[in-house]
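The cut-offs behind each term are given where the term is used.

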Amino acid sequence: MSTERTPPAIVSFFTGIVIRPIREGRVRDTGWPTGLLPIVVLASVAFVLAISLILGGPVIRAGSSLTASVGGGVLTLPRFILPTVLWLVIIALALMQTSALHVRRSLSVILTVMTVLVVLFIGALDLGADGAGGFRLTAGKVASVIAAIALIAFTVVRRRSRFAWWEFAAVFALLGVSVAIAIGGSAAQSAVFGIDVVPTAVAIIMTAIGQLAVPAALAAGVVVAQVAVTASRSAVAVTGRRAGSTSTRLPLLLGALLIVVAVWRVADVALPALLEGGLDSELLAALPGSAALLVLVVAPWWGLSAMRGTPGPDVDGVEAGLERVAIPVAIGLTITIAPIVMLLLSIQIAASWGLPPSIHSLTISVAGVLGSSTVVAINRSIIGAVLIVIALVLARRGSRGAPEILAAIGLLALASTIPSLVGVAVPWSSDALAMLIAAATLTALVVLLVRRRLDESRAALLATSLVLSAAMAWREVIADPLSIVIGSSGIALVLFGFVWGFVTEAKPTHGDSLEYPRPARVLLFLANAVFGVTVLAFGVLARDLDVPLNLDSFAQFGDQLLGTALILGAVVALWSALAVRSSVDSVPEGRSVAS
Amino acid sequence: MVVSITALALAIGLVVVDVPEAPVEGGAAARYVPLDGHRTLTTRGDGVITVTEHSRTVGLDGVFDAPASIVNAMFGQWGDRGVREAQLWRASRTEDGGARTVDLYRLSELGVSQIATWGGELGFVFEPELVLLSSTATPGDSWSSQGDALPGGVLTYTAAMSVVPVTGALLDYDGVEISQQGGCVGVQATVVITDPSDGASTTLEESTAWCAGRGPVWSTGSIDGESAGLAELTIRSLEPLGEPVGEAASVPKRPAALVALPETTLQVADGFFGDYIAIGQYSLPVSAAVSDLVLVDDRGDSLESWALDDSGATRRWSGRPGGTVVSAAAVGDLTLATTDRRQVAAYDALGRRLWSTTTDEVVVATPAGAGADPVVVTRAGNVLRLDARTGAPLWSVSLGADGRGAPVPVGDIVLAADERERLSALDADSGDLLWRIDAGLVDVISVSQAESLAVLAAESGTVLAVSLADGEVLWRSALPGLARSIVNSAGAVLVVSNEVMLALDSDTGAVLWRGVGAQAAASAGEAVVVLLDNEVQLRDIATGFVIDRAPVQPSSPGVWRSIAITGATVVVVDSTGVLRMWEVQ
């Protein structure tokens, strides 16, 4: 007789949604070379420090004197903390540039150009004795040029070598010294004139490069959906485990769960309608568009299966597919950002070295056009179309999971941009989608009950589908407790995404390849994580969601696009499994719940 | 280990090289100089109360708004670098009757010296500077000096001074003892100002008590034999004086034209040195009172009230509440400034700082008025209604989230948005929550009391119309781009973003017309004035018909532009201080 006891349900549930994802997805030593561990520890300390700044931002502000910059906008910052922000930026840069030493050439060039531009840009902030403008050769500029040349040379020399721990120390020192000379020189020279340049300098730096955190914010936005999907599945799985696979209690427990969930979903949808004498007008208006979207996601599912000749993925496959594509898709959707940042940095560097200001205004105009909602919408539409093409190609090659999720994201991208481009409003909403999923699932439940074919497996599939419909409507609630503490739902959503991503999304760092060796993967992952939270921390310290840019809006977009695609994909996977079982079963395979 | 040491070394290095400000000059005398933002009230024997605002600056910031002859004299004395490095103390005095003077002092190795006086009927520029307090500020110190009291020796001065201990109590004119907290020293001075052209002179004999952090708080003496003196008062708040700005012509109900007034600059009147053009940059947006503008300079240390007429704009007064002014507005008969020191300061029509109150966080959003009382929202999300006379909070309510944007009082409610994407309606009398809705991250709100309607644009690109009665969302619409202004008038709502102008039916939200994006819009009767990059348009809000248009030069990079309507005058202000005005007829 086994003495092993089933852990309490809450423990199983917690393990399913928290412990297991962290265990599987955290950064861990998977054969790291010597010296990588201290760098990981340092980056982790930096990450935790930035999180502390975010959580303690209001307290830090309350306990310190603020410095304010006015002009086109107002920026207030706790003065003493600014060197810390700068330190975090330098760490993120050093991590990125050290990874650039060993990744494939094309990425190495992009990363090195970005680092060099940032170094030269910070050097260019040292305008001279009185900041009077015009060209002056200052210590900061000279130091930045030397650092830039040294970085390029170092990258060329070390590119074909294996990772060595001292590379990070060398890059870090090089970046740090050049930044310290530029900022320190400028600060010392300006202070006697009553000008405190550091707040302005840090603000300019964060504004100039903060946009590079957008892909990370976009990916962070999908986290609430991921957690919602995991939680939905865990809740049903725990019920099954509690009953035991051979237990006679299983049908009862699953039946009870299904009834509870079904009643909850019916109440959630119907109660407000009953109380208010009909469905909310916004919900009603969003139903046709949402239904069309659902069909748009469901139809390619079978199309891709048919093309591949095998069934679509299960929920695990959908989640794995999203993990594979989330960051590349996020980068693709924000593809204009890196060139804009590079362009603006280049022009500002050139201006500090004597370029006519007219070029500057031209650049601002170009950046404005590239950042306009029309161009962004066109870009997203193109990316959406490209994703669908990639999905078709991958499906033809026999891949499962990634094609389905790519197709869903692509279709959602098109659905969210094309109507606005052509001036047609096609409203859809998560609430409407949730209602449609619940309605369809409940219909299936009734049909199965009537036909007396509701066994344990089907009950579990239906219960999960119903819980997912709730997750579709309520997933933002996951970040709500944090928003109460922080006082801002936008920051809470992004922070939740960044932290969860840091502890669960490091699976790519476990791998290894010639073009992306493991140390480079780890460093790049850490650079992205540290930079993202640093940009967010800066906004929290300024107590302004829009400083240096509104990461929340990108996280919301990520949630809307990738998160919705994930939940819809998971639901379709469940329905697909239900349909397959229904088509092959003439009699229930398991014990009947209906009986 | 090496990685850790490198990281630690850099962290220490960044802290070491971070130099926020230079050491304070002036030696021991500096401790007697009021801190930036300090306000003192003093009274003379004749009962006239003077409100003095003290500010501390370094370099050009302290001399930007001085007459050119003073600025030239300073450059002549100290050279370019000397002026840029000069640590200055400025005392701006306003008497009950509205008379204003500014005294400028320098803190240096000499101690505390007077450099110039301007703004009143008399002016001085001391060359070399007139040392008022020696750098050691030790009893027994004595010194003398002589030089020009006006450039070119138009007036000359001789001075003999010594530091003496303060023994015994300092009493004001009512016999109330003046605090000597922190320590005080006395200065005995004899200053003779002579006009070399006719030999006429004025002799000032004075004993002054300087107290730590408060400057001269008490003095007694004579001017040409007539007794003179001052004593510090401890009144906490003042009644507002001066007439509020008069009623200006109002915009006609159906405007027909924009009539251009001459392009102008901001003028400063000075009874002694003569009128001059204000040199400076201004942070935007401007706030409009009935017929004047409230501006803040781009360094944020000066709050300025400018009177408008057909010939241009003349400065009524400038206030220096201390720290950096982050927002300003005219509310009732007050002009309000909020600062990075978490303070809200109120000025009357004379420019006297009546009170200042401390809030839990910075008030970045523009204050508004519920009746005569100011309403502010702090970044921490506290909404406060302040007593117009004392600045004391009448009520304070937490939104439960960071505040977002300015409060919008309408009728007996106050609307306030927060960073948890909610819009709250509070009772204007008690602060009680009346209703709250999920509205998204609100960027701009416009209200129509007549229609009991609030229209707001959220960052997500959604425009919502909300019933003021219960918060019911009446309709929604989509808005591309970043929302900048909403105008609600004549049954139509015009929402302006950087990418589109969208006019909507205020009842249904149906699109009435579209236009290109603009910088800002303001209501003008049943029309709307829209500021575009290269022109100002007067449009019919219901049809979009362009009633009139006036060209403006596109602004240069780094120059911000703002639009306001005061009375019937449309004012476009550049951050460079250039004004363009049109009368709406």
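**Notes on chains A and B**

1. Leu174(A) is located in helix H7 of chain A, residues 165–191. Helices (H or I, at least four residues) and strands (E, at least two) are DSSP runs, numbered from the N terminus. The model is predicted: local features need pLDDT of at least 70, side-chain atom pairs count only at pLDDT 80 or more, and totals for chains, interfaces and linings use all residues. Residues are numbered from 1 along each chain as its sequence is written, chains are lettered from A and ligands numbered from 1 in the order in which they are written, and side-chain values use heavy atoms, with hydrogens and water left out.

2. Leu174(A) counts as partly exposed because its relative accessibility is 27%; buried means under 20% relative accessible area, exposed over 50%, and partly exposed in between (1.4 Å probe, protein chains only). Apart from neighbours within four places in sequence, Leu174(A) is in contact with Ala147(A), Ala150(A) and Leu151(A), where contact means heavy atoms within 4.5 Å.

3. Val329(A) belongs to helix H13 of chain A, residues 315–333. Its relative accessibility is 3%, so Val329(A) is classed as buried. Not counting residues up to four places away in sequence, Val329(A) touches Leu387(A), Leu406(A), Ile409(A) and Leu562(A). From Val329(A) to Gly410(A), 81 residues apart along the chain, the C-alpha separation is 9.5 Å.

4. A nonpolar surface patch is formed by Ile378(A), Ile382(A), Val386(A), Ile390(A), Ile418(A), Leu421(A) and Val422(A), with about 560 Å² of accessible area together. Helix H16 (373–396) and helix H17 (402–422) of chain A are the elements that give two or more residues to the patch; H16(A) gives the most, with four residues. Patches take residues with over 30% relative accessible area and no salt bridge, and nonpolar side chains (Val, Leu, Ile, Met, Phe, Trp, Tyr) are joined within 5 Å, like charges within 9 Å. A salt bridge is a side-chain nitrogen of Lys or Arg within 4 Å of a carboxyl oxygen of Asp or Glu. Areas come from the Shrake-Rupley method with a 1.4 Å probe; for residues, only the protein chains shown count as cover.

5. Ile382(A) lies in helix H16 of chain A and is partly exposed, at 49% relative accessible area.

6. In chain B, four strands in the order S29-S30-S31-S32 make an open sheet with antiparallel pairing. Strands S29 (403–410) and S32 (433–438) of chain B are the edges, each pairing on one side only. Two strands pair if DSSP finds at least two bridges between them.
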